[in-house]
Amino acid sequence: MKDILPENNVGVPIVPQLLSNNAEDFTGLVKILLDLGYEEVNLNLGCPYQTVVSKGRGSGFLGRLDDLERFFDTIFESCNDKIAISVKTRLGLERDEEWAGILDLYNKYPIKELTVHARTRKEFYKGTPNMEAFAYAVANSKNPLCYNGDIFTKSDYHKFRENFPQTESMMIGRGLLTNPALVREIKGGPTITKEEIMAFHDKLYEEFLVLFQSETNTMFKMKELWNYWQYLFEETENSKAVSKYIKQIRKAQRATDYLSVARMLFTMCDIKEEARFEG
């Protein structure tokens, strides 16, 4: 509830995202969101993680289109005159060939925006997005589209815009976690500096410490972010300093040890010209 309370998001246009395959649960949550003043809710049909998929949620729901259609019938009938419903999706569960049938289903409903991660669940985040499948969506979707998948640099962004000028909306996930200045760079602003990311790190650490009231929990939260930030830094042929420090960060059991290693990484390693997530 802390994440969605309006007082914690002043000036930030939040769209809450729900992971659900139960229409009654979905509509019940919508009532809570309406009471908080929200005007849009997003249904996540893209999450590829096994703990979610095994319960038939996220991209796991894409393997049961009949059930998904019944779910849509209920939530759009119950909620669409009260709150806008957008959808985040993958191309299918196992094969790209599933996509045409899934898109046909989406076209039956007034989805405010359809965000397409151009991979199947089976692909997870491996390989490259299927841009032919996204082009099929551009040609055949009756709902507004938003693109998602492997936008890591400003050159990735501009290449996409050149190929799909009619698609104005874009969801950037791992790219923005890796490089917090990516949107600024896309807009023509300066690239991120080592001093900037170090100051950002320190501010996040301080804020998490206040929130969690625990150095250990704060440290583990920061470790999650290094899964992305490690790709900001240059790994030279003669020095594997980044890899060495990342290993030490992962092994750290005390906050003082973690902070010492993080400071050494910031001091000894240089920022890349373009950061590309490789996980």
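Reader: How much space lies in the second largest pocket?
Author: This is a predicted model, with pLDDT of at least 70 required for local features and 80 or more for side-chain atom pairs, while totals for chains, interfaces and linings use all residues. Residues are numbered from 1 along each chain, and side-chain values use heavy atoms, without hydrogens or water. A pocket is an open set of points on a 1 Å grid where a 1.4 Å probe fits, with protein on both sides within 12 Å along at least five of seven lines. The space filled by probe spheres on its points is about 270 Å³.

Reader: Which helix gives the largest share of its lining?
Author: Lining residues have an atom within 4 Å of a point, and there are 13 here, with Met131, Tyr147, Asp150, Asp156 and Lys159 nearest the centre. A helix is a DSSP run (H or I, at least four residues). Four lining residues, the largest share, come from residues 154-163, helix H6.

Reader: Which residues lie closest to the centre of the largest pocket?
Author: The largest pocket holds about 1500 Å³ of space. Its lining has 48 residues, and those closest to the centre are Gln17, Met171, Ile172, Gly173 and Leu177.

Reader: Which element gives the most to that lining?
Author: Several elements give two or more residues to the lining of the largest pocket, including strand E2 (40-45), helix H9 (194-212) and helix H10 (215-229). Helix H7 spans 174-178. With four residues, the most is given by H7.

Reader: What is in contact with Phe26, leaving aside neighbours within four places in sequence?
Author: Contact means heavy atoms within 4.5 Å. On that basis the partners of Phe26 are Leu18, Ser20, Val41, Leu43, Phe71, Ile75, Cys79 and Ile85.
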